[in-house]
Each structure stands twice: as structure tokens, then as C-alpha cells.
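Good morning, colleagues. Please look at the sequence and the structure on the screen while I describe them.

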Amino acid sequence: MPPKRSTLLGRKQARTQIDDQRARQGASRAAESPEQRQTRLGDQRGRQASSRHAESSEQRQTRLGSLRARQAASRAVETPEQRRTRSEDQRRRQAASRAVHWTFMEGEAFRYYPANNYDSHPQLHIGQMTDVCSYCDALKWPGEVPGMCCSGGKVRLPALRPPPEPLKSLMSGDPSVLCDIPDR
Ligand SMILES: [Zn+2]
């Protein structure tokens, strides 16, 4: 028996809604700044982590099973070029993840070699705080996640009150305050 007309209409509407939603999402993502993108991805990772934390082992198995099936289906139709790009991306992600987890320096403290200039190692040298958050003016290192300070302008703290004396004068760098400090 062919599906009822109302069922077909319902499916068509659902598809149109999904297409509309995708188009809206695409447009909003195209308009977002790198900071907003980082914040969105950070939020997404947080939501994902908490949902995975709450899942049962059975749910986990089901999720991983369907993920593997989707991966297998998408790999079955990829071109040699796409396969190469995917392998390169994977290698890059693995290298980044190893760097994040410091495995490249594993046990290095026990093999300390004074002639090595550890500070200048490209994966240890984090540079200067030259980046400024456009929302809260926080100084940041170039490799720092943009949403780390104020979550892309979502968190606004009240301005700090001026410190009490004599701390205020000490912080202002007034040398006359130093004369008042006893020797002992
Ligand atoms: Zn900020």
C-alpha cells in the first residue's frame, strides 16, 4: 500500500525544515569571527563531553558502532585524493595531540643535558603575550584559545576596586613609600 498523502507531505515538510535549518546554520557560521568559532566549538566539546560522561556502556557501544559504520561508508566512496588528504589530516592531528600531551618530552627531566637550550624548543617556546582579546582586553599568548578569558565576551567582571594604602602607593612605583619600610 502506498504511503498516505498526509505522511508524504509530513516527510516533505520535515525535509524542507532540515534544509532551511542547514542553510541558516551555514550562513551564521560563515559570518562568525575566528573567536566566535573557537567559542562555539569549545561549547560543543563541553556539551559532548558531559553527554558522553552520562552515557551507559551500552549507549557508548551503540554510538561507537554507528560512528564506525558511518566512517566505513564514507571511506568506501572516497577518491584516492580524498584518502590522501584524510591520512595527512589524521597525521597532523596525531602530531598535535602528541605535542599537547608532551610525550615528545617524556622522561627528558631524567636525561637533562645542560647544553640543550630547552627554552628555545619550538614546542616549548610560547612567545610573548602579544594578542589582545577584542572583548575584555586580556593579554594573551598567540597560541591561546580565544574563548579562554571571557568566553568570547559572555563573561563580564566588574572593574577591580583600587587597592588600599600602602599597597596602592607601592604598586604605583612611588619611591618615597620605600623609605617608610623599616629595615627589619
Ligand atoms: Zn576576553
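The protein chain has six helices and two strands; helices (H or I, at least four residues) and strands (E, at least two) are DSSP runs, numbered from the N terminus. Read from the N terminus on, the order is α-α-α-α-β-β-α-α.

This is a predicted model, in which local features need pLDDT of at least 70 and side-chain atom pairs count only at pLDDT 80 or more, while totals for chains, interfaces and linings use all residues. Residues are numbered from 1 along each chain as its sequence is written.

Now to confidence. pLDDT is the predictor's confidence in each residue, from 0 to 100. The protein chain averages 82, and 87% of the residues score at least 70. Confidence is highest in strand β2 (residues 139-140), at a mean of 94, and lowest in helix α6 (residues 176-179), at 71. Where pLDDT is low, the predicted coordinates should not be read in detail.

Next, burial. A residue is buried if 20 or more other C-beta atoms, placed from the backbone, lie within 10 Å of its own, exposed if 12 or fewer, and partly exposed in between. Of the 184 residues of the protein chain, 2% count as buried.

Helix α4 (residues 80-100) illustrates this. Zero of the 21 residues of α4 are buried, so this helix lies largely in the open.

Finally, consider glutamate 32, which lies in the loop between α1 (5-31) and α2 (34-54). Why does glutamate 32 count as partly exposed? Because glutamate 32 has 13 C-beta neighbours inside 10 Å.
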